[in-house]
Amino acid sequence: MKWPVFFALATAVCWGMYGPALGKSRAALHSPFTPYVAIGLAYLFWGVGGGVLGMMYNGDTFSLSGPGGMWGLIAGTLGAWGAFTLTLAMYSGGMAMPNIVMPVVFGGAVTVSALVSLYSVGDKIPINPMLYVGVVGMFICIVIVAYFTPHAAPHGKPPVSDSVEVSAESE
C-alpha cells in the first residue's frame, strides 16, 4: 500500500470516530460547547506541535507570509468552523440522530471537495461525466448509510419491551 493511501485511510478512521467521540464528550460534560474548547486545545497541541516537528524534519523555514500562509489560515479557519458547525449540528438535535449527521458531513465533504476542484480547473481540462455520476452516487450512499446505520436509543428513554409485565396484584 502506498503511504498516501495509508494516511488517507488513517484520516478516515480518525474523522469517522470524531463524531461518536464528540457525542461521548458532550454527554459526559453535559455541554455542547465545553468539548469544543477541548477540541480547540487538541488542535492547538497537535496542529502546532506536529507542524513544527514536521517542519524541523523537512528543514522548512518558519515563514508564514504570502499566499501560502494566507491559504493555511483559511484552511485552518474552515477546519475550525467545520468542527464548530458539527458541534452545532449535534447540539441542535443531532445527538438524537448521529447516524444522519455523520454521513451527511463526510459524504457531503467529499462532494464539496470534488465540486470545488471542478470549479478551480474551470474549462482548462475536460471533465469526465463520471464525476457527476459519482456526485449523485454519493448522495444515494449518504441516504443509504444514514438510513441503515444502527444506533442506540437517545439517552433518557427506557427501552420498550414487547413482554407484558404481570403485577403481584393481578395474580
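## The whole chain

The protein chain has an accessible surface of about 13,300 Å², and carbon and sulfur atoms hold 74% of that surface; areas come from the Shrake-Rupley method with a 1.4 Å probe, and for residues only the protein chains shown count as cover. This is a predicted model, where local features need pLDDT of at least 70 and side-chain atom pairs count only at pLDDT 80 or more, while totals for chains, interfaces and linings use all residues. Residues are numbered from 1 along each chain as its sequence is written, and side-chain values use heavy atoms, leaving out hydrogens and water.

Five helices and zero strands make up the elements, where helices are DSSP runs (H or I) of at least four residues and strands (E) of at least two, numbered from the N terminus. Of the 171 residues, 13% count as buried (under 20% relative accessible area; exposed is over 50%, partly exposed in between, with a 1.4 Å probe and protein chains only).

## Helix H3

Helix H3 covers residues 66–91, and its 26 residues reach 37 Å from first C-alpha to last, close to the expected 38 Å (1.5 Å times one less than the number of residues). Buried residues in H3 are Gly69, Ala83, Leu86, Thr87 and Met90. Just after H3, glycine 93 takes a positive phi of about 125 degrees.

## Phenylalanine 139

Now look at helix H5 (residues 130–148), where phenylalanine 139 lies. Phenylalanine 139 counts as exposed because its relative accessibility is 57%.
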